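Walk me through this protein, please.

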Amino acid sequence: MEGKYGQNGGHWLDWVQDGRNVGSLWWRDVRNLNVGDGANGGWLSSGFRMKIGEGKDGSFWWDEWCGEVCLANKFPRLYLLSTGKENKCHQMGQNVNGTWKWILEWRRTLFEWEEEDAKQLKRTIENVTITPGQPDKWEWIHSIEGHYSTKTAYLMLVKQRREPEEAKLFKRIWSKILPSKVAAFNWKVILDRIPKKINLLKRGIVKDTGDRKCVLCENEDEDSNHLFLNCSIARRLWQACANWWGITVTLHKDCWKTFQNFGAWTTSSRIAEGWDCTWNSFIWSVWMARNGKMFQNLKVN
Ligand SMILES: [Zn+2]
């Protein structure tokens, strides 16, 4: 990282946080993603904690290794008085008869009220010990194993931004038993982000014949809610499925609400998951039929 992006003066996340216009487009995108109200300036930075082992990588003052905020931010006055501002953790103490002992040194004698701060600092770090031979490592706090994954980051962001009920819905979307491309498609449908005919026309992907209408019924403008719920073809298909299942399917005016209530009648999470699969199968099949007709002129059966 240093080879590519230069020295950053201590904290690796400075590469993420600072405003310098360096790095590839990809890296600049990563930096722009790191926005939010996290204690350390963004959701990405504040999602990592340093797990101290031998203390050779972890910066005593600048890494978040005990608590959510780094010690320099939590105890700014003590940081200014420290004789080891740039020290790694293992340089801030020593092993005495096999037991790690933190040693904090100051540029001058502390005032009484600074002593209080120093005591609090000692209490904060006293339970962390330096273990020789065990490397320090960064852990992602939003997963049990401590490994970063797109999924855990996504779930964390959704939870942060949405009401609990909506967060629950998004959890259902990313079900374990569905192929991820189907789950991702459902997600786009619910947010009404599927590539609409009008966008494809604009980008020259399909030939512009002046027709903006739904590919299936050729009657009304196409959007997610029309295509999967209100289109006469979709309605007939829903009706056929409902007859086959022997139930009444309630369609709401938008896909969000319909999916939310789909399978809401059961308290069994297994059965609910099964219904989520039928929803996904339904919209996926309609989408395939629509694309078949649009791109290959296939007849909708
Ligand atoms: Zn239609």
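H9 and H14 pack at an angle of about 85°, and their axes lie 10 Å apart. Axes here are lines fitted to C-alpha atoms, for helices over the stretch in contact, and angles run from 0 to 180 degrees between N-to-C directions. Two packed helices are described by the angle between their axes and the distance between the axes. H9 and H14 are therefore roughly perpendicular to each other. The cut-offs are these: under 35 degrees is roughly parallel, over 145 roughly antiparallel, 65 to 115 roughly perpendicular, and the rest oblique.

Before going further, note that this is a predicted model: local features need pLDDT of at least 70, side-chain atom pairs count only at pLDDT 80 or more, and totals for chains, interfaces and linings use all residues. Residues are numbered from 1 along each chain as its sequence is written.

Which residues of H9 meet H14? They are Val182, Phe185, Asn186 and Val189. Two residues are in contact if their C-beta atoms, placed from the backbone, lie within 7 Å. By class, the contact of H9 with H14 has 6 nonpolar, 2 polar and no charged residues. Ala, Val, Leu, Ile, Met, Phe, Trp, Tyr, Cys and Pro count as nonpolar; Asp, Glu, Lys and Arg count as charged; the others, Gly among them, count as polar.

Now step back to the whole chain. The protein has 14 helices and 4 strands. Helices (H or I, at least four residues) and strands (E, at least two) are DSSP runs, numbered from the N terminus. Of the 301 residues, 17% are buried. A residue is buried if 20 or more other C-beta atoms lie within 10 Å of its own, exposed if 12 or fewer, and partly exposed in between; the C-beta atoms are placed from the backbone. Take the contacts between residues at least 6 apart in sequence: 51% of them join residues at least 24 apart.

Next, the cores. A nonpolar core is a set of buried Ala, Val, Leu, Ile, Met, Phe, Trp, Tyr and Cys residues joined through C-beta atoms within 7 Å. The largest one has 16 residues, and Val189, Leu227 and Phe228 have the most contacts inside it. Four helices each supply at least two residues of this core: H9 (180–190), H11 (224–230), H13 (255–261) and H14 (269–296). The largest share, 3 residues, comes from H14. Apart from this core lies another, of 12 residues, including Met50, Ile52, Cys66 and Cys70.

Look at Leu227. Leaving aside neighbours within four places in sequence, Leu227 is in contact with Cys214, Leu216, Glu222, Ala234, Val286 and Arg290.

Follow that list to Val286, which lies in helix H14. Is Val286 buried or exposed? Val286 counts as buried, because 21 C-beta neighbours lie inside 10 Å. Beyond four places in sequence, the contacts of Val286 are Leu227, Phe228, Ala234 and Leu237. Val286 and Phe228 are 58 residues apart along the chain, yet their C-alpha atoms are separated by 7.1 Å.

Ser59 sits in the loop between strand S1 (48–51) and helix H4 (71–74). Ser59 has 22 C-beta neighbours inside 10 Å, so Ser59 counts as buried. From Ser59 to His90 is 31 residues in sequence and 9.0 Å in space, C-alpha to C-alpha.

Some helices are hardly covered. Helix H6 (residues 112–125) has 0 buried residues among its 14. Helix H12 (residues 232–245) has 1 among its 14. H12 reaches 20 Å from its first C-alpha to its last, close to the 20 Å expected at 1.5 Å a residue. The expected span is 1.5 Å times one less than the number of residues. After H12 comes Gly246, with a positive phi near 75°.

Finally, the backbone angle phi. Most residues other than glycine have a negative phi. Asn97 has a positive one, near 50°. Asn97 is in the loop between strand S2 (93–96) and strand S3 (99–102), and counts as exposed, with 5 C-beta neighbours inside 10 Å. Glu218 also has a positive phi, of about 55°. Glu218 lies in the loop between helix H10 (197–202) and H11. With 11 C-beta neighbours inside 10 Å, Glu218 counts as exposed.
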